[in-house]
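Work through the exercises below with the sequence and the model at hand, and try each task before reading its solution.

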Amino acid sequence: MNTLNTAVILVRPKYPENVGSVARACMNMGCHQLILVNPRNWDVNKAKRLATPHSEQLLDEVTIVQNLAEALAPFSVVYGTTARTGGWRKAIMVPEQASTTIARQLGDNEHVALVFGPEDTGLDNREIEICGQLICIPTHRDMTSLNLAQAVLIILYEIFKHSSIQPQTTNQLPPSRSITHKEQEVLIERIKASLLAIDFLHDDNPDYFMLPMRRFLQRFQIKRHEFNLLMGICRQVQWIVKKAGKQ
């Protein structure tokens, strides 16, 4: 398993002890990167009470950031987790299904982030929106809530299981890397500006009408050369509109 390219991101975790249990689960499955987004009541010593000696180092080296966008910036692939389904939350995968795709992505040296929400509320709609894919762990309908560390362990186990049997492939030419989450957001903003310029979108609520476009782009692992192409097309559209005197 390519552990260096896999990270667990906990958004606003409520209890330090739960983070300690998550660190233990990460080390069990060979995941060596843990990121906390705006943790509540953070106390590394309390977290270590439920960790093991091997996972204490992971807690000492934990990265803490203030928002999810900052945490996701360097990653090329993002999976969010949710217990809620239906509505606009489409194409949700179960862990076993997602893990086969993730194992292949790790084999291609993609940088994968697994995002978990707060223990009491889960990820909110905006956080779900910016995650490229969604994973839901099936449970009995009378009890859908899982302990945070349990959820992390289940998903990491499936990835570990599938990654350990992935054949190693070699390429004569290095493949173009996938764009990072930060670059994806730049592209979406440029597409939105271009669609506004040609009056395809309306000014009143463009972000809402961009949701289908966001979902469409998130289904693909856009490569850097494809990013450059799309950005160039958008720049040309805006230049032509400006030249025509429409903005």
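Helices (H or I, at least four residues) and strands (E, at least two) are DSSP runs, numbered from the N terminus. The model is predicted, so local features need pLDDT of at least 70 and side-chain atom pairs count only at pLDDT 80 or more, while totals for chains, interfaces and linings use all residues. Residues are numbered from 1 along each chain as its sequence is written, and side-chain values use heavy atoms, without hydrogens and water.

**Exercise 1.** Find which elements and domains supply the lining of the largest cavity.

*Solution.* On a 1 Å grid over the protein atoms alone, a cavity is a set of points where a 1.4 Å probe fits but cannot get out, and lining residues have an atom within 4 Å of a point. Among the 15 lining residues, Ser76, Val77, Val78, Gln184 and Gln221 are the closest to the centre of the largest cavity. Next, strand 4 (77–81) and helix 8 (181–197) each supply at least two lining residues. Finally, domain 1 (4–165) and domain 2 (181–245), with bounds from an automatic or database domain assignment, each contribute at least three.

**Exercise 2.** Work out the order of the strands in the open sheet, and which strands stand at its edges.

*Solution.* Two strands pair if DSSP finds at least two bridges between them. The 7 strands follow the order 3-2-1-6-4-7-5, with parallel pairing. Strand 3 (63–65) and strand 5 (92–93) each have a single partner strand, so one side of each lacks a neighbour in the sheet. As one example of pairing, strand 1 (residues 6–11) and strand 2 (residues 34–37) run parallel and are joined by 4 bridges, with valine 11 opposite valine 37 in strand 2.

Key: On a 1 Å grid over the protein atoms alone, a cavity is a set of points where a 1.4 Å probe fits but cannot get out, and a pocket is an open set with protein on both sides within 12 Å along at least five of seven lines; lining residues have an atom within 4 Å of a point.
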